[in-house]
Amino acid sequence: QVQLVESGGGLGQPGGSLSLSCAASGSIASCHVRGWYRQAPGKQRELVASVTSGGTLANADSVKGRFTISSDNAKNTVYLQMNRLKPEDTAVYYCNVRSFVRSYWGQGTQVTVSS
């Protein structure tokens, strides 16, 4: 099985940047969809960005042009580069990878954007 651990969260300034990492315990080569989700207090969890094994990207409209997802199979790691942060980006961010048989979630990392 795959275990995911997110890191890189914390306090960011409006207009600043943060980089999130999602390290997998084992190979994620078989996980054809990798993504980041976020959940703010009182709101539903929403997709932030995802990438497929074929390179197809998807982004929430709210983060287009600001956030970039990437994946490194050799390092078994998924990344989320967050630029031009806004207070509205404040949420718990979760890593998700999905194979044809299972979906795996990390425990989440808090991102707070405030001046």
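Predicted model: local features only at pLDDT ≥ 70, side-chain atom pairs only at ≥ 80, totals over all residues.

Reader: How many helices and strands are in the protein chain?

Author: Helices (H or I, at least four residues) and strands (E, at least two) are DSSP runs, numbered from the N terminus. The protein chain has zero helices and eleven strands.

Reader: What does the radius of gyration say about the protein chain?

Author: This radius is taken over C-alpha atoms, and the globule rule is 2.2 Å times the number of residues to the power 0.38. For 115 residues the rule gives a value near 13 Å for a compact globule, and the protein chain agrees because its own value is 13 Å. Its C-alpha atoms fill a box of roughly 40 × 25 × 25 Å along the principal axes.

Reader: What percentage of the residues in the protein chain is buried?

Author: Buried means under 20% relative accessible area, exposed over 50%, and partly exposed in between (1.4 Å probe, protein chains only). In the protein chain, 41% of the 115 residues are buried.

Reader: Which residues touch the most other members of the largest nonpolar core?

Author: In soluble globular proteins, nonpolar side chains tend to be buried together. A nonpolar core is a set of buried Ala, Val, Leu, Ile, Met, Phe, Trp, Tyr and Cys residues joined through side-chain atoms within 4.5 Å. The largest one here has 28 residues, of which Trp 36, Leu 80, Met 82 and Tyr 93 touch the most other members. At least two residues of this core come from each of S3, strand S5 (46-52), S7, S8, S9 and strand S11 (109-113).

Reader: With which residues is Met 82 in contact, leaving aside its neighbours within four places in sequence?

Author: Contact means heavy atoms within 4.5 Å. The partners of Met 82 beyond those neighbours include Leu 18, Leu 20, Phe 67, Tyr 93 and Val 111.

Reader: Where does Asn 76 lie, and is Asn 76 buried or exposed?

Author: Asn 76 lies in the loop between strand S7 (67-72) and strand S8 (77-82). Its relative accessibility is 18%, so Asn 76 counts as buried. Leaving aside neighbours within four places in sequence, Asn 76 is in contact with residues including Cys 22, Ala 23 and Ile 28. Phi of Asn 76 is near 50 degrees, a positive value in a residue other than glycine.

Reader: Where does Arg 84 lie?

Author: Arg 84 is placed in the loop between S8 and strand S9 (91-98). Phi of Arg 84 is positive, near 50 degrees, and this residue is other than glycine. Arg 84 counts as partly exposed because its relative accessibility is 49%.

Reader: Why does Gln 13 count as exposed?

Author: Gln 13 counts as exposed because its relative accessibility is 56%. The loop between strand S2 (10-12) and strand S3 (18-24) holds Gln 13. Gln 13 and Ser 115 are 102 residues apart along the chain, and 5.3 Å separates their C-alpha atoms.

Definitions and conventions. Residues numbered from 1 in each chain as written. Heavy atoms only, no water.
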